[in-house]
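Visitor: Good morning. May we look at this model together, and may I ask questions as they come to me?
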Amino acid sequence: MTLYQYLALATLVFCIGLFGVLTRRNAVAVLIAIELMFNSVNLLLVAFTRYISPDGLVGQLFAVFIIVIAAAETTVGMAIVLLVYRGFRGIQVDRIGFLKW
Amino acid sequence: MTGESLAFYGLAFMLVGASILAVSVRNVFHAAMYLILALFAVAGYFVLLNAEFLAAVQVLIYVGAVAVLVIFAVMLTTRLTDARVRAHNEQVGAGLVVAVAMFLAIVMAMWSTSWPISDAAPAVDNVRTLGRMLMTRFVLPFEIASVLLLAAMIGAIVIAAKETGPPQSEEST
């Protein structure tokens, strides 16, 4: 296994997540796609740690912080989704435009 | 084919397949299930990359907490099997073009960079080293992360809680 295979794999998963964020209508599905993107970045950080500085582990520590921040983001995101659902009886993101001009 | 490459390609199949299904299936609950599969595949990669602590954290936090939160939100909100509700907006083609262009751009940038690949042996005591770093050099980010989690928790409660305080009486202003 070389670093390049991990780079290609993580980039592929990141772009799949990007496609989901751009095209999904359901807000929960958008959050699922965002989780995929977070995970691909974590995979990339750990792969860099393994192949570039295997004795440093700083990349793994950053992955820990990313996991923490992703958990916080998901918590607040789900709370916002619930609030929007209560107000609109739906969470289709292309129907929710009340913050647009 | 060595065991490592066998594990790599097996997990790659699992991760990419689950990711594609997670962003494409109509039923959001099924998408959450495929997300869990993808998260497990990433945990497998962490084991493969000598990051045992992160593999455990991945399973505990992502599969145990985040995925359950996602399923919780799915249960509380959506009409799951309503065939009239479209799963994707009308920009699937544009999104596909953007994603593929992004993939090619990043891969080309990564391939044209020369990475300083090191041949050093990976750290043997993964958990101990990470714990030492968290308590010494990275203690400030560690504390900030705990404050962030507390703020997110309180924020989620405040945002999502129904207003069920004592009924507002007419004369109190």
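This is a predicted model: local features need pLDDT of at least 70, side-chain atom pairs count only at pLDDT 80 or more; totals for chains, interfaces and linings use all residues.
Visitor: To begin, does A:Asp94 count as buried or partly exposed?

Guide: A:Asp94 counts as partly exposed, at 37% relative accessibility. Residues are numbered from 1 along each chain as its sequence is written, chains are lettered from A and ligands numbered from 1 in the order in which they are written, and side-chain values use heavy atoms, with hydrogens and water left out.

Visitor: Where does A:Asp94 sit, and what is it in contact with?

Guide: A:Asp94 belongs to the segment after α3 of chain A. Helices (H or I, at least four residues) and strands (E, at least two) are DSSP runs, numbered from the N terminus. Beyond its neighbours within four places in sequence, A:Asp94 is in contact (heavy atoms within 4.5 Å) with A:Arg25 and B:Asn89. A:Arg25 is 69 residues away in sequence, yet the two C-alpha atoms are 6.4 Å apart in space.

Visitor: How many helices and strands does chain A have?

Guide: Chain A has 3 helices and 0 strands, and its pattern along the sequence is α-α-α. Its radius of gyration is 17 Å, well over the 13 Å that the globule rule gives for 101 residues, so chain A is more spread out than a compact globule. That radius is taken over C-alpha atoms, and the rule is 2.2 Å times the number of residues to the power 0.38. The C-alpha trace of chain A spans about 50 × 25 × 20 Å along its principal axes.

Visitor: And what about chain B, how many helices there?

Guide: Chain B comes to 6 helices and 0 strands, running α-α-α-α-α-α from the N terminus on.

Visitor: What share of each chain is buried?

Guide: In chain A, 62% of the 101 residues count as buried. In chain B, the figure is 34% of 173 residues.

Visitor: Changing topic: how many residues are in the largest nonpolar core?

Guide: The largest nonpolar core has 67 residues, and A:Val28, B:Leu15 and B:Tyr45 have the most contacts inside it. Such a core is a set of buried Ala, Val, Leu, Ile, Met, Phe, Trp, Tyr and Cys residues joined through side-chain atoms within 4.5 Å. At least two residues of this core come from each of α1 (3-23), α2 (27-51) and α3 (58-88) of chain A, and from each of α1 (3-24), α2 (28-48), α3 (52-77) and α4 (92-111) of chain B. The largest share, 13 residues, is supplied by α2(A). Another core, of 9 residues, lies apart from this one and includes A:Leu57 and B:Met133.

Visitor: Which residues is A:Val28 in contact with?

Guide: Leaving aside neighbours within four places in sequence, the partners of A:Val28 include A:Met78, A:Ile91, B:Val28 and B:Val74.

Visitor: And B:Leu35, is that one buried or exposed?

Guide: B:Leu35 is buried, with a relative accessible area of 1%, and lies in helix α2 of chain B. Apart from neighbours within four places in sequence, B:Leu35 is in contact with A:Ile32, A:Glu35, A:Leu36 and B:Ala22.

Visitor: Last topic: how many salt bridges are counted over all chains?

Guide: The count is 1 salt bridge over all chains, the rule being a side-chain nitrogen of Lys or Arg within 4 Å of a carboxyl oxygen of Asp or Glu. The side chains of B:Arg128 and B:Asp125 meet in a salt bridge, at 2.9 Å from N to O. Side chains of opposite charge can pair when their charged atoms come close. B:Asp125 is partly exposed, with a relative accessible area of 37%.

How values were computed
Buried means under 20% relative accessible area, exposed over 50%, partly exposed in between (1.4 Å probe, protein chains only).
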